Amino acid sequence: MANRSYLYATDRIPSRAQDQSKPVVRGLSEWAYAIPLSYRLLVSADTVICPSMIWELDDDVTLAGDYDKGVKRLRDFLARIDWPEARELVEQAEAFLLAPENRADHVMLEAAEVLTMGDQPVAESSRALLAGLADLDEEMERTLRHLNQVKPSAPGPLARMLGLKPADPLAPVRELGLGYWSNVLYFDFSED
């Protein structure tokens, strides 16, 4: 099984209070072996660290942020990607995240599986992930510069003659965490 980061929408941030009912939770997306930029942007507004809904850990390791503000921040970033070829991926993300059935008060990033791949304890890595959200503006600018450098172009004469095509010309945009939106995730809370 791949180590994944998971993105959920919820009406209430989980707490350790025993008398609190379980929040309503909807899956949004999952990503193998990384925490994509889109996930971090979505959780980057009014972010707090809270208990995991997946793992029974002594430390709080899950990031939760304001859903609407996070979606706005992601949409503002995606609007700056100057790749007509990526328009469908951008529109798919926006449609999924703006659909009334997917919206909630908060978006949650469950990244413990990915964070366990590092050398630091998960709680320490979670705090570093939270602190790293302050550098997202700089990362967005670097990402946009990179995307402009690798923008798809028409194949050269030799590639055309041999019928060669890149495996996935949209891979650099997909790596942002686009193209894999679903309410059905490995850890599903819809029946709880």
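Me: Hi! Is Arg40 buried or exposed?
Reply: Arg40 is buried, because its relative accessible area is 15%. Buried means under 20% relative accessible area, exposed over 50%, and partly exposed in between, using a 1.4 Å probe and protein chains only. This is a predicted model, where local features need pLDDT of at least 70 and side-chain atom pairs count only at pLDDT 80 or more, while totals for chains, interfaces and linings use all residues. Residues are numbered from 1 along each chain as its sequence is written, and side-chain values use heavy atoms, with hydrogens and water left out.

Me: Which helix does Arg40 lie in?
Reply: Arg40 lies in helix α1, residues 37–42. Helices (H or I, at least four residues) and strands (E, at least two) are DSSP runs, numbered from the N terminus.

Me: And what does Arg40 touch?
Reply: Leaving out residues up to four places away in sequence, Arg40 touches Ile35, Leu129, Leu133, Leu136 and Glu139. Contact means heavy atoms within 4.5 Å.

Me: Which residues of α6 are buried?
Reply: In α6 they are Leu136, Glu139, Met140, Thr143, Leu144 and Leu147. They cover an arc of only 135° around the axis, so they sit on the same side of α6. That arc is taken from the directions from the helix axis to the C-beta atoms.

Me: Why would residues three or four places apart point the same way?
Reply: An α-helix has 3.6 residues a turn, so residues with that spacing point the same way.

Me: What covers the buried residues of α6?
Reply: The cover includes α1, α2 (67–78), α5 (122–132) and α8 (171–174). On the face turned away from the buried side, α6 carries the exposed residues Glu138 and Gln149.

Me: New topic: where is Ser5?
Reply: Ser5 is in strand β1, residues 4–10. Ser5 counts as buried because its relative accessibility is 0%.

Me: How many residues apart along the chain are Ser5 and Leu115?
Reply: They are 110 residues apart along the chain, and their C-alpha atoms are separated by 8.8 Å. Not counting residues up to four places away in sequence, Ser5 touches several residues, including Trp31, Tyr39 and Val114.

Me: Zooming out, how many helices and strands are there in the protein?
Reply: The protein has eight helices and five strands. From the N terminus on, the elements run β-β-α-β-β-α-α-β-α-α-α-α-α.

Me: What share of the residues is buried?
Reply: Buried residues make up 44% of the 192 residues in the protein. Among contacts with a separation of 6 or more, 78% are between residues 24 or more positions apart.
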